[in-house]
Amino acid sequence: MESLARSIGRFVDGFANSSATFDTPVRDKESAVRPVYLLEDDNYLNAILNNSITKTSLRCVADNFYSTSFDEILMYSTLVSVSSYPVLYQILDYCCQTLSIDEIPEVYVTGRLRGINALSLEVKRKIFILISREATICLSESELRFLLGHELGHHQQGNLVCHTVNGLLDTLNNKSEIFGPLISDAIEVPLKRWCRQSEFNADRAGLICSGDINVVKQLFLKLGMIENPSAFNLYKETSEDHPLLSTRYNELKSFAISNIITIA
């Protein structure tokens, strides 16, 4: 495990600028109320991750990794509050009310995230959202509602363990250090498919907060969306954990039409 510790230390910056999301664990099934916008992708991944030994091991590694990384990130961050970022806090409060989230998570504006970016995570059972300074400067209020709504949507899905596994598979050179070669091969493909579905769900939460599919298109174009991707890019998408922006937009457009959300 010594090599794992060295690997974790090298990926503080990679963690801050990754596209993966890290979210809260699923609540007790009897008390949890799943938002109506969530759609689940059924595959055998849950059977693997529901093993108590797997969960305990993953959360132990995740807490050790994230707590160190997050402490470093906070050194370059400002907590969003009524006094520090009044407009952004108002947007955050609006999104939480729209998604029926009772407890507003801590949101930090940070210089450690580059470009227009945001990231959700949980450290020691406490949830956070990081948002880049550039996003707060370059995005309109409606675009920020989508961005924050997207991250809050990840929290509502309760998928910390799955995204944690995905992050480790992406960053560790030797995946068998934690899982062994058989388990690594068994979970990687369905996990990435699961993560793509998670992004679609989070996008729906963002759209519900922004209320306008045209705002989402405008934001996606700023992020580099290619409206007519090549066949190669569409093929490559099946092995990625994030769908193409064009795929996300088309999925969201269908959702907007079926739910009568503003669309041109």
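Colleague: What makes E143 and K222 a salt bridge?

Modeller: A salt bridge is a side-chain nitrogen of Lys or Arg within 4 Å of a carboxyl oxygen of Asp or Glu. For E143 and K222 the closest N and O atoms are 3.0 Å apart, so the pair meets that rule. It links distant parts of the chain: E143 lies in helix α7 and K222 in helix α10, 79 residues apart. This is a predicted model, in which local features need pLDDT of at least 70 and side-chain atom pairs count only at pLDDT 80 or more, while totals for chains, interfaces and linings use all residues. Residues are numbered from 1 along each chain as its sequence is written, and side-chain values use heavy atoms, with hydrogens and water left out.

Colleague: Why is E143 called buried?

Modeller: Buried means under 20% relative accessible area, exposed over 50%, and partly exposed in between (1.4 Å probe, protein chains only). E143 has a relative accessible area of 0%, so the word is buried.

Colleague: Which residues are in contact with E143, leaving aside its neighbours within four places in sequence?

Modeller: They are C138, V215, Q218, L219 and K222; contact means heavy atoms within 4.5 Å.

Colleague: What makes the link between E143 and Q218 a polar contact?

Modeller: The term needs a pair of N or O atoms within 3.5 Å; within protein, one must be able to donate a hydrogen and the other to accept it, and residues adjacent in sequence count only if both atoms are side-chain atoms. The side chains of E143 and Q218 are joined at 2.6 Å.

Colleague: How do you know that the buried residues of α10 line one face of the helix?

Modeller: Helices (H or I, at least four residues) and strands (E, at least two) are DSSP runs, numbered from the N terminus. In α10, residues 213-222, the buried ones are I213, V215, V216, L219 and F220. Seen down the axis, they fall within an arc of 150°, so they line one face. The arc is that of the directions from the helix axis to the C-beta atoms.

Colleague: What caps the N-terminal end of α10?

Modeller: D212 does, with a side-chain oxygen 2.9 Å from the backbone nitrogen of N214. Just after α10, G224 takes a positive phi of about 100°.

Colleague: How many salt bridges are there by this rule?

Modeller: The count comes to 4. One of them joins E141 and R145, with the closest N and O atoms 3.4 Å apart. Both residues lie in α7, 4 residues apart, about one turn of the helix. E141 is at 45% relative accessibility and is therefore partly exposed, whereas R145, at 16%, is buried. The side chains of R248 and D203 also meet in a salt bridge, at 2.7 Å from N to O. That pair links R248 in helix α12 with D203 in helix α9, 45 residues apart, and both residues are buried.

Colleague: How do you know that β3 and β4 pair?

Modeller: Two strands pair if DSSP finds at least two bridges between them. β3 and β4 have 6, in the antiparallel sense, and A118 stands opposite I131 in β4. Strand β2 is joined to β4 by 5 bridges and runs parallel to it. Y108 stands opposite L130 in β4.
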